[in-house]
Amino acid sequence: DWHRDWSSDVCSSDLDSPVKFMQLELKPYSACKVLVVDDEPISRMLLTSILESFVNCIAASNGEEAIDQCVMHKPDLILLDMNMPDVDGLTVCRTLKDKADTAQIPVVFVTSTIDVETENMCWEVGASDFVLKPVTASTLVHRIKNHLQGKLRTELLERLTFHDQLTGLYNRLYLSNEIPLLVKQVARDHSTLGVIMMDIDFFKLYNDNYGHLQGDICLQQVAAIIEEHARRPKDAAIRFGGEEFMLVLPYTDMNGVKKVAEDIVSAIRSENITHYAGKDGKLSISAGYAVRPANELQDTGISSLIESADIFLFEAKEAGRNRAIG
């Protein structure tokens with residue numbers, strides 16, 4: 001059971017399979033959110049009326065509100081008035097581009113006048129485009145659609161590159177490419193990084209008894225529960241391989257990591273997934289966890305922390321499974 005069963009990675013070609021794979025289509029315009037920012041109510045109403053036939057519009061009347069709305073709603077695009085009394089559009093754009101959570105949102109400026117100097121300033125703060133007032137409806141619609149298409153294609157490419165198709169969790173490529181950047185960020189903030197390694201108990205017996213299709217459904221159920229515990233934007237739930245999962249928890253101390261690990265183990269049991277070989281006929285997982293100051297990981301990388309958590313995972317298996325040890 002301790003050895004990974006890589007056969008669970010095989011995807012069925014049966015189109016009628018109950019297994020649901022990661023969505024590989026672009027999100028429709030109707031599911032996109034556009035934030036319209038303008039201090040003049042009439043302008044906001046006009047811009048919203050042009051766009052609301054094909055996207056969901058939310059509005060902000062000043063720069064500070066716009067930044068708050070971006071953090072709260074994560075819009076797919078921002079239509080931003082350049083000239084506002086409190087915080088001007090250039091400052092808003094610069095602020096958003098400096099934040100990791102909002103840096104990738106396209107910003108289209110709306111302005112009544114523009115010269116070469118102002119135009120260059122737009123590009124320098126990270127704008128994607130600009131439109132002139134009075135706005136021509138057809139031009140605005142086509143530009144917004146073009147920028148949304150670009151963003152949605154980029155998001156799809158990221159899902160294909162960094163996510164496991166079966167579970168939707170991050171994959172090993174994300175672990176090797178993106179987590180080192182997270183380690184550096186946490187190290188700069190002089191904080192700690194926690195890792196939880198998890199393995200489904202007796203999963204080979206589960207696959208052998210119930211079949212690989214049901215095994216894939218089981219993997220999806222477990223992955224969904226683990227992802228529910230990756231609650232903060234920087235937390236990363238990863239399918240490490242086969243029936244083994246990993247949760248990276250930045251800015252978390254030992255007590256916090258222990259609680260999350262124990263909560264996941266408990267949540268899996270509470271799901272009451274039938275497993276003939278499990279304790280009391282129910283599926284369970286084992287978990288090992290470890291925490292370290294991020295600055296100790298900059299030279300060696302996160303692999304040493306994974307190894308520590310893996311050792312504790314082995315101890316959890318040896319101690320009877322269905323538990324977290326760290």
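Me: At what angle do helix α2 and helix α3 pack, and how far apart are their axes?

Reply: Helix α2 (residues 63-73) and helix α3 (residues 89-97) pack at about 25 degrees, and their axes are 10 Å apart. That makes α2 roughly parallel to α3; angles under 35 degrees count as roughly parallel, over 145 as roughly antiparallel, 65 to 115 as roughly perpendicular and the rest as oblique. Axes are lines fitted to C-alpha atoms, for helices over the stretch in contact, with angles from 0 to 180 degrees between N-to-C directions. Helices (H or I, at least four residues) and strands (E, at least two) are DSSP runs numbered from the N terminus.

Me: What kind of model is this, and how are residues numbered?

Reply: This is a predicted model, in which local features need pLDDT of at least 70 and side-chain atom pairs count only at pLDDT 80 or more, while totals for chains, interfaces and linings use all residues. Residues are numbered from 1 along each chain as its sequence is written, and side-chain values use heavy atoms, with hydrogens and water left out.

Me: Which residues meet between α2 and α3?

Reply: Gly63, Ala66, Ile67 and Cys70 of α2 meet Val92, Thr95 and Leu96 of α3, where contact means heavy atoms within 4.5 Å. By class, the contact of α2 with α3 has 5 nonpolar, 2 polar and no charged residues. Ala, Val, Leu, Ile, Met, Phe, Trp, Tyr, Cys and Pro count as nonpolar, Asp, Glu, Lys and Arg as charged, and the others, Gly among them, as polar.

Me: Where is threonine 102, and which residues does it touch?

Reply: Threonine 102 lies in the loop between α3 and β4 (107-111). Leaving out residues up to four places away in sequence, threonine 102 touches Cys70 and Leu96. Threonine 102 is buried at 1% relative accessibility; buried means under 20% relative accessible area, exposed over 50%, and partly exposed in between (1.4 Å probe, protein chains only).

Me: How many disulfides are there?

Reply: The count is 0 disulfides, a disulfide being a pair of cysteine sulfur atoms within 2.5 Å. Cysteine 70 is in no disulfide, since the nearest cysteine sulfur, that of cysteine 93, is 9.9 Å away.

Me: Switching to α8 and α9, how do they cross?

Reply: The axes of α8 (residues 203-210) and α9 (residues 212-228) come within 7 Å and cross at roughly 135 degrees. That makes α8 oblique to α9.

Me: Where is asparagine 322?

Reply: Asparagine 322 is in the loop between α11 (303-318) and β10 (324-325). Asparagine 322 has a positive phi of about 55 degrees and is partly exposed, at 23% relative accessible area.
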